[in-house]
Every structure is written in structure tokens, then in C-alpha cells.
Amino acid sequence: MGCAKGGTGVYLANTSKLSLNGYDQSIGRFYMGWTPADYPSNYTTVDSSTPAMLEIASTATHNDIVQVRFTGVAGLRFDAPGSITFTNQTSSTLGTLEVAHGTVRFAKDSGWTAVTNVVLAGGTLAVGAGAGAKVFGSAQNKSDAILTVVSTNSPTLSIAAGEQATVSMLSIVEADGSIHEKNPGVYGGPAAGLSANNTLSWISGSGTLRVLRSALNGTMLIVR
């Protein structure tokens, strides 16, 4: 679909797709050729039938709002001083979502609903208003995602008031390289008002994070 607004040609096509075809790619910026608020139903697709990462890496600061669906096993690594905000579309990819620097934000009606691997290696991963229910799963309190947080790189998980994001498991990589698995439960930052055991300094905002299970639980066999 093509249209013109304010004397500028804007071309919109939901059939547009970037196919990684199993090859990692690095770009400096990903942005839309339209204003998402004006065309909320439009989107483009990043796809890969075998695992591949689209890296956004730059020294320039850009703050972009995008309507993108990641599908197949296409992943994203964000390593830039600005931000990328997903809105109006959910992604079905099983690929990895990694934040190394800058901010990856999920706004209303967005999320990676089937993601299995989320890495917060630095920067900020933000769950905005209206995004908590499906940010890392198909529905509220459902998720197959393992969230790995590299604590030495000063990462932040920001969760908006009234929102609860859900992950299957939460792993913390400590300064000595050891990995600490958190127990199932609800966690938050200092503003969430939870107990000391459930307060994590790297979470900001008054929203919360639900962890469904832990690799430490093991298997219980009952013989009668």
C-alpha cells in the first residue's frame, strides 16, 4: 500500500521481509518508513529458518519505534547507545533476544511470545505499560524463556507499574563467572515493595517479574 502525507511519499507493505537465511547480520539502525501511531496495523518481518542474529550496533544515538515481527528462529542483539521500541506487533520467533547496550523496550501490544532465550548482558530491557502479559510468553504467567542476567555489566530490567513479566527460569551470572539460579517466585526492584529476598537491585520500576521454575528443583520420584 502506498500513500502520501505532508508532501512526502510513504510506502507501506506488510509483505516486506528481511530473511537472514541462517546468516548473522550487523546493521547500524532499524527504523520504519512511517510513523507507527499513524499506521498501527503495518509491520515488517525479520525471519530465519535456522538460527541467525540481527545485530544493531552503532556509536550514534537513535531512538526508534518499530512495528516488526521476528519469526522462525531469527534473533536480535542490540548494542547501541539509543533505544529501539517495539509496538503493536508480537513476534513468534524462537530466536535469542539480547541486550548488550542501550535500551530495548516493549510497548503496548508487543512482545516475543515464544522466545526461549533472553540475555540481559548490559543496558536496559524495558517492559512498558500494556506489554507485561505477553512480553516473553503466549499469555500472562506463561513462558518458556530463560532470562540470563550478567550482573557485572550493570544491566537494568525496567517493568512498568501494574505490569508483571513472566519467565520460565532466571539465571544470574556473577562476577566470578558462577551462575546463580533464582527460585520460583515473584521478584521486583526496590520500588516494588517486596521482601528483601525477592528484591533485586537491577530491577527498576514498581512492576514485577514472575519466575516459574528453577533448574535447581530437580526431579522428585515417588514410589508407592
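This is a guided tour of the structure, one selection at a time.

**Confidence first**

Begin by colouring the chain by pLDDT, since the model is a predicted one; the mean over the protein chain is 90, and 90% of its residues reach 70 or more. Then select residues 1-11, where pLDDT stays under 50 and for which the model has 15 contacts beyond four places in sequence. Residues 218-224 also stay under 50, and for that stretch the model has zero contacts beyond four places in sequence. Where pLDDT is low, the predicted coordinates should not be read in detail.

**The aromatic cluster**

Next, select Phe 70, Phe 86, Phe 106, Trp 112 and Phe 136, which form one aromatic cluster. The structure holds four aromatic pairs. In one of them, Phe 86 and Phe 106 are stacked, with 5.3 Å from centre to centre and 20° between the planes. This pair links distant parts of the chain, as Phe 86 belongs to strand S7 and Phe 106 to strand S9 (residues 97-106), 20 residues apart. Are Phe 86 and Phe 106 buried or exposed? Both of these residues are buried.

Keep Phe 106 selected and turn to Phe 136: the ring centres are 6.3 Å apart and the planes stand at 80°, so this pair is edge-to-face. Here too distant parts of the chain are linked, with Phe 106 in strand S9 and Phe 136 in the loop between S12 and S13, 30 residues apart. Phe 136, like Phe 106, is buried.

Thr 87 counts as buried because its relative accessible area is 12%, a value under the 20% cut-off. Leaving aside residues up to four places away in sequence, its contacts include Pro 36, Ile 65, Ala 107 and Asp 109.

From there, select Ile 65, a residue of strand S6 (residues 63-66). Ile 65 counts as partly exposed because its relative accessibility is 47%. Which residues does Ile 65 touch, not counting those up to four places away in sequence? They are Met 32, Pro 36, Thr 85 and Thr 87. If you draw a distance from the C-alpha atom of Ile 65 to that of Leu 76, eleven residues apart along the chain, the separation is 15 Å.

**Charges over rings**

The charged end of Arg 29 sits over the ring of Tyr 31, 4.2 Å from its centre, while Arg 69 lies over the face of Tyr 43, at 3.8 Å from the ring centre.

**A strand covered on both faces**

Select strand S15 (residues 164-167) next, and view it with its side chains shown. In a regular strand the side chains alternate between the two faces of the sheet. In S15 both faces are covered, with Gln 164 and Thr 166 buried on one side and Ala 165 and Val 167 buried on the other.

**Two asparagines with positive phi**

Finish in the loops. Most residues other than glycine have a negative phi. Asn 21, however, has a positive phi near 55°, and its place is in the loop between strand S3 (17-19) and strand S4 (25-27). Asn 21 is exposed, with a relative accessible area of 53%. Asn 141 likewise has a positive phi, of about 70°, and lies in the loop between strand S12 (124-127) and strand S13 (146-150). Asn 141 is partly exposed, at a relative accessible area of 34%.

Methods: Residues are numbered from 1 along each chain as its sequence is written. Side-chain values use heavy atoms; hydrogens and water are left out. Helices (H or I, at least four residues) and strands (E, at least two) are DSSP runs, numbered from the N terminus. Buried means under 20% relative accessible area, exposed over 50%, partly exposed in between (1.4 Å probe, protein chains only). Contact means heavy atoms within 4.5 Å. pLDDT is the predictor's confidence in each residue, from 0 to 100. Rings of Phe, Tyr and Trp (its six-membered ring) pair if their centres lie within 6.5 Å; planes under 30 degrees apart count as stacked, over 60 as edge-to-face and the rest as tilted. A charge sits over a ring if NZ of Lys or CZ of Arg is within 6 Å of the ring centre and within 35 degrees of the ring normal.
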